[in-house]
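Hi,

Here is the structure I promised to pass on.

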Amino acid sequence: MNMEIVSAATLLFLVMDPLGNIPIFLAVLEDVAPERRTRVLLRELLLAFIVLVLFLFFGRYLLGFLQLSQHSIRIAGGIILFLIALKMVFPVKRSPHAAEDIQGEPLLVPLAIPMVAGPSAMAMLMLMATNDPGRMTDWLIALLSAWLLTSLILLSANGLKRFLGRRGLVAMERLMGMLLIAIAVQMLLEGISAYLLEQG
């Protein structure tokens with residue numbers, strides 16, 4: 001696995017934010033029968049993966065239909081990442097509202113979408129596919145790697161919450177947010193620089 005795949009997988013993993021999603025997943029699954037929780041969680045994770053694969057392979061056609069330039073996509077992706085990262089570093093109170101709104105087992109919403117397959121992950125996949133469509137296999141490997149690690153963390157949510165505690169989870173999420181801010185700034189600078197060079 002080359003470094004570009006590793007970098008893409010790391011970016012997608014940070015965007016999926018599994019550590020930050022642990023409290024919400026636990027709250028939503030609280031009313032599900034204990035013997036079915038793992039099965040339901042696996043189903044939701046698989047649905048999220050399918051949605052993300054669809055955006056990876058077909059999202060660029062949507063961007064092409066909208067006639068958006070690569071520079072605007074990269075700058076928009078940087079802004080989205082920056083906003084997501086700010087929420088991770090300076091979190092607002094995250095209420096597990098889905099647990100109150102959904103009766104019985106969740107299906108697709110809110111665990112698969114938008115908790116795992118969120119707008120930021122979809123935007124990053126479309127950006128990767130649009131910037132280098134000849135490397136779709138590499139991007140698929142990166143997505144699969146990030147999804148597998150995210151799935152392992154969420155499947156171990158109870159144990160991780162006991163081991164790290166609430167403060168530990170918050171500290172880890174803020175560290176991930178700081179890394180995302182650096183990546184977002186780099187994306188913005190690259191997009192603006194490419195646009196200025198093209199105009200000049």
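**What turned up**

Phe49 and Trp147 are both buried, where buried means under 20% relative accessible area, exposed over 50% and partly exposed in between (1.4 Å probe, protein chains only). Before I go on, the ground rules: this is a predicted model, so local features need pLDDT of at least 70, side-chain atom pairs count only at pLDDT 80 or more, and totals for chains, interfaces and linings use all residues. Residues are numbered from 1 along each chain as its sequence is written, and side-chain values use heavy atoms, with hydrogens and water left out.

Back to those two rings. Rings of Phe, Tyr and Trp (its six-membered ring) pair if their centres lie within 6.5 Å; planes under 30 degrees apart are stacked, over 60 edge-to-face, and the rest tilted. That rule gives a count of one aromatic pair. The centres of the Phe49 and Trp147 rings are 4.9 Å apart and the planes sit at 40°, so this pair is tilted. Since Phe49 belongs to helix α3 (residues 34-65) and Trp147 to helix α8 (residues 136-155), the pair ties together parts that are 98 residues apart in sequence. Helices here are DSSP runs (H or I, at least four residues), as are strands (E, at least two), numbered from the N terminus.

Phe49 comes up again around Leu143. Setting aside neighbours within four places in sequence, Leu143 is in contact (heavy atoms within 4.5 Å) with Leu12, Met16, Phe49, Leu52, Val53, Leu56 and Leu125. Leu143 is also one of the residues that touch the most other members of the largest nonpolar core, along with Ile22, Leu52, Leu81, Met124 and Leu180; that core has 60 residues. (A nonpolar core is a set of buried Ala, Val, Leu, Ile, Met, Phe, Trp, Tyr and Cys residues joined through side-chain atoms within 4.5 Å.) At least two residues of this core come from each of α1, α2, α3, α4, α6, α7, α8 and α9.

How many residues of α7 are buried? The helix is mostly covered, with 11 of its 13 residues buried; among them are Met122, Met124, Met126 and Met128. The cover over the buried residues of α7 includes α1, α3, α4 (70-89), α6, α8 and α9 (157-199). The length of α7 (residues 119-131) checks out too: at 1.5 Å a residue its 13 residues should span 18 Å, and the end C-alpha atoms are 18 Å apart, which agrees. The expected span is 1.5 Å times one less than the number of residues.

Val109 and Pro110 are joined by a cis peptide bond with omega about 5°, and Pro110 sits in the loop between α5 (97-101) and α6 (111-116). Another cis bond runs from Ile113 to Pro114, omega near 5°, with Pro114 in helix α6.

Leu108 is in the loop between α5 and α6 and has a positive phi near 70°, although a residue other than glycine. Leu108 is partly exposed, at 32% relative accessible area. Asp17, not a glycine either, has a positive phi of about 50°. Asp17 lies in the loop between α1 (3-16) and α2 (18-28) and is buried, at 6%.

One last item: Asn21, in helix α2, is buried with a relative accessible area of 4%. A polar atom of the Asn21 side chain lies 2.8 Å from the backbone oxygen of Met115.

Cheers

Technical notes: Polar contact = N/O pair within 3.5 Å; in protein donor to acceptor, adjacent residues only side chain to side chain.
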